[in-house]
Amino acid sequence: MKAVLLDADSLGPNIDLSPIRERVDTLEVYPTSTTQQARERLAGADIVLVNKVVLDAETLTSLPSLRHICVLATGTNNIDMTCADKLGIRVDNVNAYGTASVAQHTLMLMLALANRLPLYQRDVSEGLWGKSPFFCLMDHSTLQLEGKHLVVVGQGTLGAKVAQLAEAFGMQVTFAARPGNESNDSRPALYEVLPTADVVSLHCPLTEQTHHLINADILERFKDGALLINCARGSVIDEQAALEALRQGKLGGLAVDVLPQEPPREGHALIRALSESPALNLLVTPHNAWITPEARQNIVHLTARNLDKAKEKTP
């Protein structure tokens with residue numbers, strides 16, 4: 001079997017590909033590829049390993065030997081799934097490879113917002129600590145997490161891990177009902193629990209029901225000063241509405257690890273707001289919650305497992 005890895009650089013440095021090499025006869029590795037390059041590089045390949053390269057219908061139909069697509073991520077939106085199914089091409093993705101990594105990142109964002117880290121870092125860098133009449137700065141009221149109410153949207157493996165870590169800080173955790181299915185869900189609807197939530201953390205997929213789940217109307221139901229964290233997908237929140245709520249003091253803090261367009265070639269309102277004066281309790285991280293070495297290596301191990309499963313089903 002010939003396998004081709006189209007965008008190895010998306011896995012980052014120091015990744016051991018030997019679990020995959022051991023399961024194929026030949027593995028060709030390219031750091032990056034365009035869709036056009038993919039058509040050329042996949043000629044004669046049985047298996048393609050891909051993270052974000054778009055494999056559209058035109059590409060798939062031009063590759064008669066292709067039998068298996070291994071997506072090195074959870075999302076498969078870069079694959080024409082309908083065409084792959086029609087051509088009999090198996091598509092496997094990987095799930096929960098970065099649970100510990102993303103949960104850790106989520107708690108880091110929560111702790112930083114609760115302690116007003118963006119505000120105090122700006123104050124220190126501008127020399128305000130050195131001008132203080134006594135030994136510390138107390139200009140921004142912080143939030144003790146113990147005893148506070150965390151609402152989590154998304155009760156999958158990741159949401160459950162975030163809840164576990166939050167409970168270790170003594171937080172009370174509520175899982176909100178699945179958006180769009182509130183009438184058939186025993187969990188409370190998001191809009192019902194928002195008035196008592198001190199922190200809201202999003203860990204749900206981007207769907208028609210969750211697009212702009214957090215919008216201007218929903219933000220009005222937030223408890224004054226609540227913290228909002230999005231480690232799900234860009235556009236689960238209306239970023240502009242959330243930014244205005246932060247500026248007006250409705251939100252006590254806002255942190256995102258995702259944006260609607262990634263990378264943000266043309267910038268974004270939240271990125272520009274990082275340098276506003278006065279400073280905002282705002283954090284934007286570059287979709288890197290998942291990038292611990294352990295999580296990235298786990299993608300390889302899970303992909304190797306997908307290759308084994310495909311062999312088992314091959315007559």
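Modeller: Contact here means heavy atoms within 4.5 Å. Helices (H or I, at least four residues) and strands (E, at least two) are DSSP runs, numbered from the N terminus. The model is predicted: local features need pLDDT of at least 70, side-chain atom pairs count only at pLDDT 80 or more, and totals for chains, interfaces and linings use all residues. Residues are numbered from 1 along each chain as its sequence is written, and side-chain values use heavy atoms, with hydrogens and water left out.

The sheet is open and is formed by five strands in the order β2-β1-β3-β4-β5, with parallel pairing; two strands pair if DSSP finds at least two bridges between them. At its edges are β2 (26–29) and β5 (90–92), each of which pairs on one side only. From one strand to the next, the twist averages 15°. Axes are lines fitted to C-alpha atoms, for helices over the stretch in contact, and angles run from 0 to 180 degrees between N-to-C directions.

Strand β1 (residues 2–5) runs parallel to β2 and is joined to it by four bridges. A3 has L27 as its bridge partner in β2.

Across β3 (47–50), β4 (68–71) and β5 lies helix α12 (residues 293–313), which runs at about 155° to β4.

As for disulfides, defined as pairs of cysteine sulfur atoms within 2.5 Å, the count is zero. The sulfur of C204 is too far for a bond, because the closest cysteine sulfur, in C231, is 11 Å away. C204 is also buried, with a relative accessible area of 8%, where buried means under 20%, exposed over 50%, and partly exposed in between (1.4 Å probe, protein chains only).
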